[in-house]
Amino acid sequence: MALDVDLDEDARGRRYLDVFGIAKSFKGTEVMSELDFRVGRGELVSLLGPSGCGKSTLLRIIAGLLEADAGSVVLDGREITRLPAHKRNVSVVFQNYALFPHLTVAENVAFGLRARGRARSDTVGPVAEALSLVRMTEFADRPIAALSGGQQQRVAVARALIVGPDLLLLDEPFSALDRKLRETMQVELKSLLLDRGMTAVFVTHDQEEAMGVSDRIAVKNAGRIEQFADPSTLYARPASPFVMDFVGLSTRLTSRIAGVEAGIATVDTAYGPLRARFSAAPGATVLLGVRPELISVEPGENTIRADLADVMVLGSKTVLHGRVDGGDRVLCELPGIRSGLQRGQQVTLGWSIEDTLAYEVAP
């Protein structure tokens, strides 16, 4: 059965890229089966997941660089499933940028137009405009080898945009950059794409990157999409334990349901009874999750006592690692620098029932 990945109402009205029933195997090993993936016009969407989950495979199928075993790809109402890559009008920015070292910056940017038969003289204006967009005008005559990683990334984006693609695909475009430059480039690229009304699909394994650049994120795991939602929904209400673990940090407490009353489950844990808005049969094994910034050092609807196994001061926040003998570790994230908290100290931690995530899991 194909996974039903629904668009929100606004995205459905702007339906633009429709990938339906995609299946792909390599040497008898199934990478994905009957996968659906839909993107609205003007959306910036990320494919997020661990290495080997099929993110880049799906991107290459959309680009026409890899043929699917089954399924279809429709772009702006046009069936492109069997079209070769050069006829899809889809641009790709690769992880290593794939720039030509023997060409100058301007020649690299002009390459797509030249490949489409444009005379050299007809590329001068478009190249100047593309370089201006990525703030690389003064580097037009430089060799690629003379550029930094961030500058090469800008050239790759300019080369992708100059042909006026119907869709922009980016495969781990920031992975080769240091953290500070990566964050700067994320902001710049998102602003550029939004200003031009581009539809783009990013592939990344970095959840912070996906949260920062995307309108929606498709979290992939073992060849399937576990959840496809906007960043706020994905973080606040993850659909599965995998999504909860992959997107952000969480306290994880595994135990059994003691009882359910009015839709509120009481769960016996190593820290004592805790409650969550959840319904399952008594005795069922349940995983409770809580985002660390939602836990405070004072009593709440759910309250526990824990010994501090570690206190980490990270400048803008202080992270507490608490546990009891034989119990799961609890993470608490407090804003700012907190003095007076130290390893071995026992603290009270509390949070609300509504902030408690719950999933039934196999015993």
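Biologist: Is the crossing of α3 and α4 left-handed or right-handed?

Modeller: The crossing of α3 and α4 is right-handed. Keep in mind that this is a predicted model.

Biologist: At what angle do the axes of α3 and α4 cross?

Modeller: They cross at roughly 120°. The axes come within 9 Å of each other. Helix α4 covers residues 120-133.

Biologist: So are α3 and α4 oblique or parallel to each other?

Modeller: Oblique. Angles over 145 degrees count as roughly antiparallel, and 65 to 115 as roughly perpendicular.

Biologist: Which residues make the contact of α3 with α4?

Modeller: On the α3 side, they are V105, A106, V109, A110, L113 and R114. On the α4 side, look for R120, T123, P126, V127, A130 and L131.

Biologist: How many of the residues in that contact of α3 with α4 are nonpolar, polar or charged?

Modeller: Nine are nonpolar, one is polar and two are charged.

Biologist: Next pair. How do α3 and α5 pack, at what angle and how far apart?

Modeller: The angle is about 30°, and the axes lie 7 Å apart. Here α3 is residues 105-115 and α5 is residues 149-161. Angles under 35 degrees count as roughly parallel, so α3 and α5 are roughly parallel to each other. Their crossing is right-handed.

Biologist: Which residues of α3 and α5 make the contact?

Modeller: V105, N108 and V109 come from α3. V155, A158 and R159 come from α5. By class, this contact has four nonpolar residues, one polar and one charged. V105 and V109 of α3 are in the contact with α4, and both are in the contact with α5 as well.

Biologist: What about α5 and α6, what is their angle?

Modeller: About 20°, with the axes 11 Å apart. Helix α6 runs over residues 179-196. That angle makes α5 roughly parallel to α6. The crossing of α5 and α6 is right-handed.

Biologist: And which residues make the contact of α5 and α6?

Modeller: From α5, it is G150, Q153, R154, V157 and L161. From α6, it is L181, M185, E188, L189, L192, L193 and R196. Sorted by class, seven are nonpolar, two polar and three charged.

Biologist: Which elements supply at least two residues of the lining of the largest pocket?

Modeller: Strand β6 (90-93), α3 and α5 each do. β6 gives the most, with four residues.

Biologist: Which class leads in the lining of the largest pocket, nonpolar, polar or charged?

Modeller: Nonpolar, with 14 residues.

Biologist: Last one. How many cavities of 30 Å³ or more does the count come to?

Modeller: One. The largest cavity holds about 40 Å³ of space.

Biologist: Which residues line the largest cavity?

Modeller: I61, L66, E67, A68, V73, T81, R82 and R88. By class, four are nonpolar, one is polar and three are charged.

Conventions:
Residues numbered from 1 in each chain as written. Predicted model: local features only at pLDDT ≥ 70, side-chain atom pairs only at ≥ 80, totals over all residues. Heavy atoms only, no water. Axes fitted to C-alpha atoms, helices over the stretch in contact; angles between N-to-C directions. Left-handed = near helix turned anticlockwise from the far one by under 90°. Contact = heavy atoms within 4.5 Å. Nonpolar A, V, L, I, M, F, W, Y, C, P; charged D, E, K, R; others polar. 1 Å grid on protein atoms, 1.4 Å probe; cavity = no way out; pocket = protein on both sides within 12 Å on 5 of 7 lines; lining within 4 Å. Points joined across faces, edges and corners; volume = space filled by probe spheres on them.
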